[in-house]
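This report concerns selected features of one protein chain. Please consult the sequence and the structure shown below while reading.

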Amino acid sequence: MNQNHFTLSFPLKSPSDAKLLAEQLPPLMPELFRANDTIGTVHYSRFTVLSEKTLLFLGDFDGEFGRLMADLAKTAGPVFDAILLYVDNPPPTPVAANIDAFVKWTAAHLVHAVNLYTAYPDASAKKIKALASAADITGVSELHPFLVILPIKSYFHFIAVQLILRARGSGTTKDLDKVGTPHFAQFVPLENNQIGFFTVYDGSFDKYIADFTKNIGEVFDLIFKFTKNPPPSPCRKYLQEFIDFASGANRDPIGFYQAYPGLSVQDIHALIADSKSPSAATG
């Protein structure tokens with residue numbers, strides 16, 4: 001088992017298609033959520049409109065990308081058939097009858113993250129759900145997706161930011177562990193020299209940003225040197241300005257799926273620890 005992330009880019013035919021999809025996708029989300037539950041390997045997923053020409057589909061999952069796309073084609077084909085009506089040069093539909101073509105097309109439109117973070121790298125979605133069920137625990141925490149798009153000044157700076165993020169890979173993981181509320185996080189290079197920072201986190205937005213700036217603000221201070229119209233730095237000193245900037249740069253999610261709703265990072269860590277305790281082994 002290995003955890004992974006996908007950012008899938010759907011190129012749209014025209015600017016009006018972005019608006020239409022934003023309106024038409026929400027009613028289709030229950031069908032996608034049921035498919036995710038059936039597949040059992042997806043931790044979180046959400047759509048967002050990146051621009052007038054691009055729709056993004058993001059997910060955190062276990063296993064291989066191709067296998068997941070094949071499973072989605074089988075179980076949620078009508079959802080993707082509806083999306084592909086608005087997509088430029090789409091794969092053949094219905095996707096449920098053209099699974100191999102859909103898998104090949106999605107692989108060609110997969111945007112690879114610069115780095116990946118997970119708060120519980122050894123726990124699959126199925127394992128977490130099973131542990132919560134065995135412990136009779138129902139999640140009560142508030143979870144949110146964070147979809148921040150950072151416009152970088154130039155292509156040269158865009159490449160520089162990616163190099164910085166790759167160089168800080170393990171350091172960024174340690175910093176996010178200290179925050180204690182992100183479940184998954186990724187920096188993803190996007191069209192027009194933009195960097196996406198995508199997370200799923202626990203609690204209120206303002207508290208998350210406050211904890212975030214305290215533990216990982218230095219990373220953003222570096223990125224902001226290359227960002228168009230950044231907030232003042234350092235982030236830790238200008239907390240409210242950073243909150244305002246992040247709020248303005250955050251994109252609205254469409255269809256936020258949670259495999260184990262309401263379970264916080266700390267809840268999941270506790271479940272995993274309990275499962276490894278001697279009493280659990282002998283009980």
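The model under discussion is predicted. An open sheet of 5 strands is present, and its order is β4-β1-β3-β2-β9, with antiparallel pairing. At its edges lie β4 (residues 110-111) and β9 (residues 254-258), each of which pairs on one side only. Helix α5 packs on this sheet, where it touches β1 (residues 3-11) and β4. The direction of α5 makes an angle of about 90° with that of β1.

Within the sheet, β2 (residues 42-51) and β3 (residues 54-62) run antiparallel and are joined by 8 bridges. An individual pair can be named here: T48 has L56 in β3 as its bridge partner.

**A residue of helix α5**

Helix α5 spans residues 99-108 and includes T106. Is T106 buried or exposed? Its relative accessible area is 0%, and T106 is therefore buried, since that value falls under the 20% cut-off. Which residues does T106 contact, once its neighbours within four places in sequence are left aside? They are L8, F65 and M69.

**Backbone features in the loops**

Most residues other than glycine have a negative phi, and most peptide bonds are trans. The table lists exceptions on both counts.

| Site | Backbone feature | Value |
|---|---|---|
| T93 and P94 | cis peptide bond | omega about 0° |
| S233 and P234 | cis peptide bond | omega about 5° |
| D136 | positive phi, not a glycine | phi about 55° |
| N229 | positive phi, not a glycine | phi near 50° |

As to location, P94 is in the loop between α4 (residues 77-84) and α5. P234 occupies the loop between α9 (residues 205-224) and α10 (residues 239-249). N229 is likewise found in the loop between α9 and α10. D136 belongs to the loop between α6 (residues 125-134) and β6 (residues 143-151).

**Summary**

In this predicted model, helix α5 packs on the sheet and contains T106, which is buried.

How values were computed
Residues numbered from 1 in each chain as written. Predicted model: local features only at pLDDT ≥ 70, side-chain atom pairs only at ≥ 80, totals over all residues. Heavy atoms only, no water. Helix = DSSP H or I, 4+ residues; strand = E, 2+ residues; numbered from the N terminus. Buried < 20%, exposed > 50% of the residue type's maximum accessible area, 1.4 Å probe, protein only. Contact = heavy atoms within 4.5 Å. Pairing = 2+ DSSP bridges. Axes fitted to C-alpha atoms, helices over the stretch in contact; angles between N-to-C directions.
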